[in-house]
Amino acid sequence: MPTSRSTRSEILGALSAGSLVVVFCVILLWHNPLVFWNDDYELSVLPVFADMARSWSEGHWPILSPYSWVCGNFAGEFQYGTFSLFVNAAVVLIWKFPLAFSQQAAALSIAHLFVLAMGAFLLARDRGFSVASSFFVALIASLNGWIICWGATDWFGALGAFTWLPWAWWGVQRALDSRRTKWRCLWPAPFVYLLVTGGFPYTILMLLLLIAWLSIKSLVQTRKIFSILPLVIGIALGFGLSAPAWLALLDLVQGSARELQSAAAHWQWRVPPAALPGLILPSWTANWTDFSSLSRPHTAAELACGLVAPAALVAALIWRPRLIVRQIKWELVLLLLVLLLCMVPTAGLFRWSFRWLPFFHLVLAICAAEALRLKPESRTPATAALGLAVVTGIVAFVFHKAGAYAFPLTWIVIGLAGVWVCLEFFLRSSDSQSWTPVVITFCAFLATYLCVPTNSGVPRYNFSQELLKPAPLDPQRLYLSVYPWAELTYCIANKPEQVGQTLRPGSTSMWASLRFINGYSPIRAAGVAREFETSIHGEINPDVGSHLLNDQAGRDGRLALMGVDGIVVAQEVEIAPQPSSEWELVLSTEEGNVFHRRSAPFSRMRSVTSIDSRPNEEFVLATISRINDSRNFVDADIDVPAGGRSALLTFSRPYFRGYKARIGDQKLTITSYRGLFPILEVPAGTHGRLTVAYRPAWLLWGGGVAAVCGLIVLLGVIAAWRYSSSTRTESCP
């Protein structure tokens with residue numbers, strides 16, 4: 001049962017746990033200043049956040065981006081936390097400081113790790129754990145192998161969402177506590193909102209599994225159906241607050257390239273049973289199925305959990321199996337279920353089952369903390385850790401599973417287990433004994449990440465701060481960049497010199513406000529992503545690129561209709577846009593060649609007399625003036641001659657469902673050219689100020705639902721505060 005504690009001491013404890021994680025990260029940065037700067041962080045996350053910060057400075061919510069067609073809808077990409085107040089606040093604040101790219105990445109990740117540790121600490125304290133055990137849970141939740149090797153250093157969306165899972169768990173626990181007031185249903189709402197808007201669908205699955213598990217547990221223990229009513233209300237309010245985020249994802253994933261992903265992706269990155277000894281010795285190497293669907297040796301750094309947790313749980317299951325099962329049978333069921341999900345293939349739009357590992361580590365930490373408090377002064381967990389470390393090390397060498405990083409990590413892990421055993425003897429009956437698992441866990445994590453690379457073999461690119469400058473490209477032009485597979489061609493392992501200034505791979509064009517067709521997009525909701533068969537990292541299918549430059553680059557070709565007036569071709573690709581009379585080579589660098597149309601840059605809004613998608617129709621030219629091409633809308637003065645045919649306007653921006661057009665009180669219908677860009681037919685004789693704005697149904701309905709739920713939460717908080725104040729007043733003599 002939770003003991004009586006003051007709110008001030010709990011907050012201080014949570015801040016201390018978060019600060020300890022910050023100290024740990026600073027040590028990692030001292031060892032490797034680029035530890036948080038890898039792969040997706042370079043190609044995608046940081047350029048997008050730079051554009052989000054720019055959008056806020058312009059006074060716009062960063063829903064769309066004008067600097068990438070493939071990654072032009074931040075809301076639909078989901079992983080960027082477009083609707084998360086915390087993510088946006090962190091981005092705006094961090095981008096106020098003159099930091100280098102790697103420092104911005106580190107600041108963003110460390111800020112989330114700090115909050116994650118705080119949430120795990122409060123979750124543990126709410127379960128009645130001691131301060132030391134709560135620190136232990138906080139360390140494992142925030143510094144486990146998957147979070148450090150993937151979430152904090154590569155896939156930011158995973159960290160951005162998982163940061164709030166312990167908080168959501170904490171809030172749900174409070175909602176289920178019948179000893180609290182009727183307003184306890186409000187506790188989960190803000191944390192569910194922050195989790196969902198954090199930007200990682202897998203974490204939403206984790207939350208749903210957690211809710212189902214807690215609901216079943218409550219129903220079985222109380223045998224009252226209404227015992228879960230506060231939980232249901234709180235979760236509903238949380239999902240209501242986050243409605244714009246998940247409605248955007250559900251809308252834009254329909255018809256996206258993500259729906260067409262290969263079935264082979266469901267079998268990639270599953271945790272193989274043979275890798276489980278990595279829970280004890282992270283240098284353990286087993287065959288994993290990687291991104292290429294090949295089974296290759298891989299160091300189990302993702303399984304790193306600080307040695308103490310698995311040893312403590314194993315010791316309890318061996319020496320006190322009935323007691324530990326009776327004490328935490330529900331948690332053990334959840335632990336085994338999550339571990340199973342880490343191992344089985346995925347389904348639908350989901351892929352890479354090992355993404356369940358952060359949840360596994362969190363549940364493991366709670367189970368281990370429960371095991372440690374069964375008999376606080378027992379030396380059994382320390383002895384078990386030493387035995388498991390020695391046996392695992394021997395087996396690793398005998399069966400050739402030690403891997404490239406076995407030395408000195410194996411000896412360090414065995415040494416830490418030995419130190420733990422000695423401390424259990426020397427500190428017996430001492431108040432400091434309860435902190436021994438915390439110290440050993442901290443040191444084990446530190447040894448792991450100093451000995452084993454944290455980037456898990458993902459590529460890193462040598463991007464310089466010069467990418468903040470548009471030169472040698474023209475910000476007034478729209479570019480199509482044709483380059484080979486970036487991960488293989490431009491990673492530091494194959495090209496150690498600075499790259500990207502000419503080609504701008506992925507979404508790196510956003511740093512310098514350059515307009516590109518290319519962009520990094522896991523969803524690829526834009527029609528151009530499907531039409532050009534772009535990869536997630538922004539590369540265009542080579543055959544499509546050859547066709548576009550040879551057959552569609554002329555004055556009347558598809559690229560001209562889109563407004564493409566610049567082409568960048570990598571040196572590795574031997575091709576040039578045709579016809580040569582339309583294009584001129586303006587720059588040649590070691591990276592690639594830059595071609596511009598010989599004419600002036602295209603206007604971003606044009607009137608055309610014909611278009612091949614409507615072959616039997618002709619249109620008049622409209623007069624267009626005072627164009628204001630903003631991020632989420634465009635407006636201009638339009639004048640269409642009377643008494644004749646209508647005018648057809650094209651917009652040089654990617655098409656997404658949800659554009660609305662009007663001139664005064666007259667509504668017009670926006671359509672698209674083959675799903676690539678918006679087109680608008682304006683009736684003859686029309687004149688006035690045309691406004692085309694992105695107002696999709698998911699945004700209007702989601703915003704309305706979020707506003708209603710926000711109002712309910714606000715009124716509930718006020719009512720709860722007044723109730724609490726009146727209760728305190730009545731209790732005073």
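## Cavities

Three cavities of 30 Å³ or more turn up in this predicted model. The largest cavity has a volume of about 120 Å³. Its lining is made of 14 residues, and Ser65, Pro66, Ser652, Arg653 and Pro654 are the ones that lie nearest the centre. Sorted by class, the lining of the largest cavity splits into six nonpolar, four polar and four charged residues.

Next comes the second largest cavity, at about 40 Å³. Among the residues lining it are Leu279, Ile280 and Pro282, along with Cys305, Gly306 and Leu307. Val413, Ala444 and Thr448 belong to that lining too. Here the classes come out as seven nonpolar and two polar, with no charged residues. If you're wondering how spaces like these get found at all, rolling a probe the size of a water molecule over the atoms shows where empty space is left.

## Helix H19

Ala444 and Thr448 line the second largest cavity, and helix H19 covers residues 436-451. Is H19 enclosed or exposed? Of its 16 residues, 13 are buried, so the helix is largely enclosed by the rest of the structure. Buried here means under 20% relative accessible area.

## The E4 to E6 sheet

Five strands make up an open sheet with mixed pairing, and the order runs E4-E3-E5-E7-E6. E4 and E6 are the edge strands, each pairing on one side only.

Inside this sheet, E5 and strand E7 (residues 592-597) run antiparallel and are joined by five bridges.

## The E9 to E13 sheet

There's another open sheet of five strands, with the order E9-E10-E16-E12-E13 and antiparallel pairing. Its edge strands are E9 (623-629) and E13 (666-668), and each of them pairs on one side only. Direction ignored, neighbouring strands in this sheet are turned by 20° against each other on average.

How many bridges join strand E12 to E13? The count is three, with E12 (residues 659-663) and E13 running antiparallel. Ala661 has Leu668 of E13 standing opposite.

## Cis peptide bonds

Two prolines are worth a look. Phe407 and Pro408 are joined by a cis peptide bond, with omega at about 5°. Pro408 has its place in helix H18, which covers residues 406-426.

The peptide bond from Gln578 to Pro579 is cis as well, and its omega is near 0°. Where does Pro579 lie? You'll find Pro579 in the loop between strand E5 (566-570) and strand E6 (583-588), and both E5 and E6 belong to the sheet with mixed pairing.

## Serines with positive phi

Now for a couple of serines. Ser293 isn't a glycine, yet its phi is positive, at about 65°. It has its place in the loop between strand E1 (285-289) and strand E2 (295-299). Its relative accessibility is 34%, so Ser293 counts as partly exposed.

Ser513 also has a positive phi, near 60°. This serine is found in the loop between helix H20 (486-489) and strand E4 (515-516), and E4 is an edge strand of the sheet with mixed pairing.

Conventions:
Residues are numbered from 1 along each chain as its sequence is written. This is a predicted model: local features need pLDDT of at least 70, side-chain atom pairs count only at pLDDT 80 or more; totals for chains, interfaces and linings use all residues. Side-chain values use heavy atoms; hydrogens and water are left out. Two strands pair if DSSP finds at least two bridges between them. Helices (H or I, at least four residues) and strands (E, at least two) are DSSP runs, numbered from the N terminus. Axes are lines fitted to C-alpha atoms, for helices over the stretch in contact, and angles run from 0 to 180 degrees between N-to-C directions. Buried means under 20% relative accessible area, exposed over 50%, partly exposed in between (1.4 Å probe, protein chains only). On a 1 Å grid over the protein atoms alone, a cavity is a set of points where a 1.4 Å probe fits but cannot get out, and a pocket is an open set with protein on both sides within 12 Å along at least five of seven lines; lining residues have an atom within 4 Å of a point. Grid points are joined across faces, edges and corners, and a volume is the space filled by probe spheres set on the points. Ala, Val, Leu, Ile, Met, Phe, Trp, Tyr, Cys and Pro count as nonpolar, Asp, Glu, Lys and Arg as charged, and the others, Gly among them, as polar. The expected span of a helix is 1.5 Å times one less than its number of residues.
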